[in-house]
Amino acid sequence: MAKVTDIVLWDKPGEKVLLLGNHAIARGALEANIAVFAAYPGTPSSELTDTMAAVAEKAGVYMEYSTNEKVAFETALSAAWSGLRAMTAMKHVGLNVAADSFMTVSYMGVEGGFVIMVADDPSMWSSQNEQDTRIFAKFAQVPVLEPSSPHEAKEMTKYAFELSEKFKQMVILRTTTRISHARGDVVLGELPEEIKLGKRKFGKFEKNPERFVDIPAFQRKKHSWVLETIEKMREELAECPFNWIEGKEDAKVGIIAPGLAYSYVKEALTWLGVDDVKVLKLGTPFPVPYRLLEKFFDGLERVLIVEELEPVVEEQVKVWAFDNGIRIPIHGKDYVPRVLEMTTRRAVTAIAKFLGLETPVDFESVDERYKKVSAIVPPRPPSLCPACPHRNTFYAIRKAAGSRAIFPSDIGCYTLGVLPPLKTVDTTIAMGGSIGVAHGLDVALNGVPGEKETNEKKRIIVATIGDSTFFHTGLPALANAIYNRSNVVIVVMDNLVTAMTGDQPNPGTGDTPHGPGKRILIEDVAKALGADFVEVVDPYDIKATYEVMKKAIETEGVSVVVARRVCALHHIGQMRRKGEKWPIYTVNEEKCTGCKICINAYGCPAIYWDAEKKKAKINPLMCWGCGGCAQVCPFGAFEVMKEGE
Amino acid sequence: MVSEYNIVITGVGGQGILTAANLLGWAALHAGYKVRVGEVHGMSQRFGSVIAYVRFGEDVYGAMVPEGKADVILAFEPVEALRYINYLKEGGLVIANSNPIPPVQVSMGLATYPSMEEIKKIIEEDFKGKLITLDAEKLALEAGNVITTNVVLIGALTQTPGFPLSAEHVKEVIRLSVPKKAVDVNMKAFELGVKAAKELLGL
Ligand code: SF4
Ligand code: SF4
């Protein structure tokens, strides 16, 4: 089991390796001779970005962590406009951020192959919604490819570049969590010489304002090009190697399975022991190639479409069938749920119902027996790590602002501050939304200076936002709040890394995959924008943090507090690698009065309650030695025990 | 060659579950199987409940083990075995580390942690499975580093009746995967896991 970054660069065509879907896509991009990659990390897409960062130097690829998806899109796009092969990656909600450029660029097309990898997250394992990117593809009229396995993800990536170049249109490679975060056997292909030699490729930009300037006069002519192109592609995709018909040729029933759903359908059919069906495996859910449908529908009496989330394929198939006078029953979302991710169970259940069979496992009885279990199993949601600086920041905010204050927050690890005992997160929407919401609440509840009337009973508003998120989309919102004379406190929780997605750098750290970039200090930005109060604190000093929060709350106008301390998980990981030790705390039982403040107000996961002795206790394997507990305990019961690890 | 073998690995984020899943996936790949490993990433790992799936055989496609189809559940924490017990097939085996990690909700008095007897009863009576528990953390410390807890459990897993990969083969994959200076500790941890499981299973 070699290191992934080595495997991805292995010059061993034919070798079979176990790769995560995201790693396989990185390999596919290298096999396709990619020149530029730019992205903002978002689960479940991040490992693709991180792998590209790790191999960029060796492979001669320019790679950057951009500040948000729109900027990343534009960086990669420009490379593609210059004739290079370029890629960007994002999660589904990231495409919303890039959407403004994305929708317009479909009218302009590209020169070099341009692939946008979008990772959807059905069931919302780490996302705020489960939007279906295939609808976005249809909206923009660009094709979308959807792999059914990690190996296919690699092969499809190469194909996507070719398709994009051939039609001069960008292509979406859509995965879901279960492709991005599934490992499977992948067979390595050839790497181009330039990648092997690590030769950086440079492009050539040919000026062509009629194409690259989006004034209405130019764009009007191009909308029809977009529609013609997608229809040409629909035709071409009938020969796409990732679309095929399999199973019994003269079967009366057919199943259409796009992307990963194909895997579940295959598994379900094996499990049910059904073989007299015809299956249309679709790697291109948009546009669905009509020519293949003609072949597939021949002789069929009933059809079931098994797809995850929205009925994107179903709608195209039904429209096509109607237009062609085909009147056989076509089922889809009436058998397959439209919310949450596809599973083998869902596929088996839908197919069994469609064919009038029994499911091989009595799922209902499993559910019935499981009811008892869910009643007695305690919940275990994720929590802020031990020694997480955010815990201290929230603790200090709550103490300084009181529980009547309102706490808009943002997307990051700190969103976990919503859980008890901290409960210092009242709203979140999307990246950068906290500052906009804070300002809006101030307008709605308090009134801003210059207005004729303001509300007597003002509410305190304290927003929290992470460092990476601040640069992502917090900046315009901050400018807006300052410009419109808000009275809010904005706490930037700067843990010097983009922690939630896997420790990527950002402008606040100054590091880039190619070495040091230029560091941008959040406090400098806040001052330059004209914030009324700006201060930096170390959240490991809870008292000092509390004092600064108090001052910030008292100051009229926009206060920006930067709570800076490196992410504990990141820090401990680095210490472990270097073989360094850290202090481990313990509870002095004589001093512990059992007041439970450390548990009920602070909540470090390393601290638990010894119900017999009625004392707090520390799990030494989980303590990362921040000393926060010692600061919150009014009885001084926490003491350093020894060095750990 | 089996047509399908399903392992569900559960525990608390940070316990080395994804590493264990990846190691087993590679071992199966080296043995010539088609492999799928399903994992959780991102925020869900932060000390929350974690589940990973390892599947191999000739007919595996999806990355998740369907409910009622797991041959083995390997639980790094006892209550997590119960949380995902709906994946176990009838007659399947649960191998659980015996060290509970009470969730914050339990410490705060908002929930209770079930007793080992309750856990055992549900696994054996309602889900017709077999449960063995071992103090993997203690064995890992005995081997020289608590970080090898996952290797102790993998060692134990290889003793499961019907497990399609040989213990020696899995051990070799681990030996080649861990950093050089950690090889000895890991090999010892593996053996301690094997020994404990043999005793518990009466082999
Ligand atoms: S990863 Fe870092 S920021 Fe996130 S909860 Fe853990 S310590 Fe805090
Ligand atoms: S020192 Fe206290 S607060 Fe910090 S990690 Fe250890 S137990 Fe938790």
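## Around ligand 1

How many nonpolar, polar and charged residues does the shell around ligand 1 have? In this predicted model, the shell has 8 nonpolar, 2 polar and 1 charged residues (Ala, Val, Leu, Ile, Met, Phe, Trp, Tyr, Cys and Pro count as nonpolar, Asp, Glu, Lys and Arg as charged, and the others, Gly among them, as polar). Ligand 1 sits between chains A and B. Among the residues surrounding ligand 1 are A:Cys385, A:His390, A:Asn495, A:Leu569 and B:Arg46, where a residue counts if one of its heavy atoms lies within 4 Å.

## Strand β19 of chain A

Let's turn to a strand. Strands here are DSSP runs (E) of at least two residues, and helices are runs (H or I) of at least four, numbered from the N terminus.

In a regular strand, side chains alternate between the two faces of the sheet. From β19(A), A:Ser559, A:Val561 and A:Ala563 point one way, while A:Val560, A:Val562 and A:Arg564 point the other way.

## Its partners

Strand β15(A), residues 489-494, runs parallel to β19(A) and is joined to it by 6 bridges; here A:Val492 stands opposite A:Val562. Strand β18(A), residues 533-537, is also parallel to β19(A), with 5 bridges, and A:Phe533 stands opposite A:Ser559. Pairing requires at least two DSSP bridges.

Together with helix α21(A), residues 542-554, β18(A) and β19(A) make a right-handed β-α-β unit: with the strands pointing away from the viewer, the path from the first strand over the helix to the second runs clockwise.

## Reading the numbers

Residues are numbered from 1 along each chain as its sequence is written, while chains are lettered from A and ligands numbered from 1 in the order in which they are written. Local features need pLDDT of at least 70 and side-chain atom pairs 80 or more, whereas totals for chains, interfaces and linings use all residues, and side-chain values use heavy atoms, leaving out hydrogens and water.

Terms used. Buried means under 20% relative accessible area, exposed over 50%, partly exposed in between (1.4 Å probe, protein chains only).
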